[in-house]
Amino acid sequence: MGAADIPVAVAATAGRLEQRGIPVLLVRYEDLDGDYIATLTAIGRHQGLDAPAHLVAAAIDAASFPRLKAQEAAEGFVERPAGATAPFFRSGRPGKGDAALSRGNAEITPALMELLTPQAD
């Protein structure tokens with residue numbers, strides 16, 4: 001992906017968010033990192049589920065970054081790209097993966113983040 005593809009990719013993402021045929025809930029990694037319980041509860045409600053807070057908290061604990069990282073170290077991770085030398089679960093912090101992006105993806109990230117960042121009213 002080159003610089004010429006950036007407007008196309010941003011427009012495609014905007015189109016997916018603006019379409020009304022399939023209900024879309026925008027969830028950014030930063031939202032999850034900020035408040036897991038509230039964000040996952042919102043995702044569940046968007047899907048018609050109303051889970052009690054203690055079950056949401058248990059799910060969060062079961063899928064916590066430290067737990068998944070330890071599981072990958074012990075058993076591997078099936079979704080890790082073939083030929084990858086680094087672990088799939090590395091830092092678990094928003095923005096830390098930017099250095100690992102291809103040049104094309106690194107070029108498109110700022111435009112997508114601007115599109116996906118909630119604007120003040």
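Residues are numbered from 1 along each chain as its sequence is written. Because the model is predicted, local features need pLDDT of at least 70 and side-chain atom pairs count only at pLDDT 80 or more, while totals for chains, interfaces and linings use all residues; side-chain values use heavy atoms, with hydrogens and water left out.

**Exercise 1.** State which residues of helix H3 are buried and what covers them.

*Solution.* 
- Step 1. Helices are DSSP runs of H or I with at least four residues, numbered from the N terminus. H3 spans residues 36-46.
- Step 2. Buried means under 20% relative accessible area, exposed over 50%, and partly exposed in between (1.4 Å probe, protein chains only). In H3, Thr 39, Thr 41 and Gly 44 are buried.
- Step 3. The cover over these residues includes helix H2 (29-34) and helix H4 (53-62).
- Step 4. Leu 32 lies in H2. Leaving aside neighbours within four places in sequence, Leu 32 is in contact (heavy atoms within 4.5 Å) with Val 27, Thr 39 and Leu 40. Leu 32 counts as partly exposed because its relative accessibility is 21%.

**Exercise 2.** Describe how H3 and H4 pack against each other.

*Solution.* 
- Step 1. Two packed helices are described by the angle between their axes and the distance between the axes. Axes are lines fitted to C-alpha atoms, for helices over the stretch in contact, and angles run from 0 to 180 degrees between N-to-C directions.
- Step 2. The angle between H3 and H4 is about 110°, and their axes are 10 Å apart.
- Step 3. H3 and H4 are therefore roughly perpendicular to each other, a term used for angles of 65 to 115 degrees.
- Step 4. Tyr 36, Ile 37, Leu 40 and Thr 41 of H3 meet Val 56, Ala 57 and Ile 60 of H4. The residues of this contact comprise six nonpolar, one polar and no charged.

**Exercise 3.** Identify the salt bridges of the structure and state how accessible their partners are.

*Solution.* 
- Step 1. A salt bridge is a side-chain nitrogen of Lys or Arg within 4 Å of a carboxyl oxygen of Asp or Glu. The structure holds three.
- Step 2. Asp 31 pairs with Arg 28, the closest N and O atoms being 3.1 Å apart. Asp 31 is partly exposed at 25% relative accessibility, whereas Arg 28 is buried at 15%.
- Step 3. Asp 50 pairs with Arg 45 at 3.4 Å between the closest N and O atoms. Both Asp 50 and Arg 45 are exposed.
- Step 4. Asp 61 pairs with Arg 67 at 3.0 Å, N to O. Asp 61 is partly exposed at 41%, and Arg 67 is partly exposed at 43%.

Note on methods
Helices (H or I, at least four residues) and strands (E, at least two) are DSSP runs, numbered from the N terminus. Angles under 35 degrees count as roughly parallel, over 145 as roughly antiparallel, 65 to 115 as roughly perpendicular and the rest as oblique. Ala, Val, Leu, Ile, Met, Phe, Trp, Tyr, Cys and Pro count as nonpolar, Asp, Glu, Lys and Arg as charged, and the others, Gly among them, as polar.
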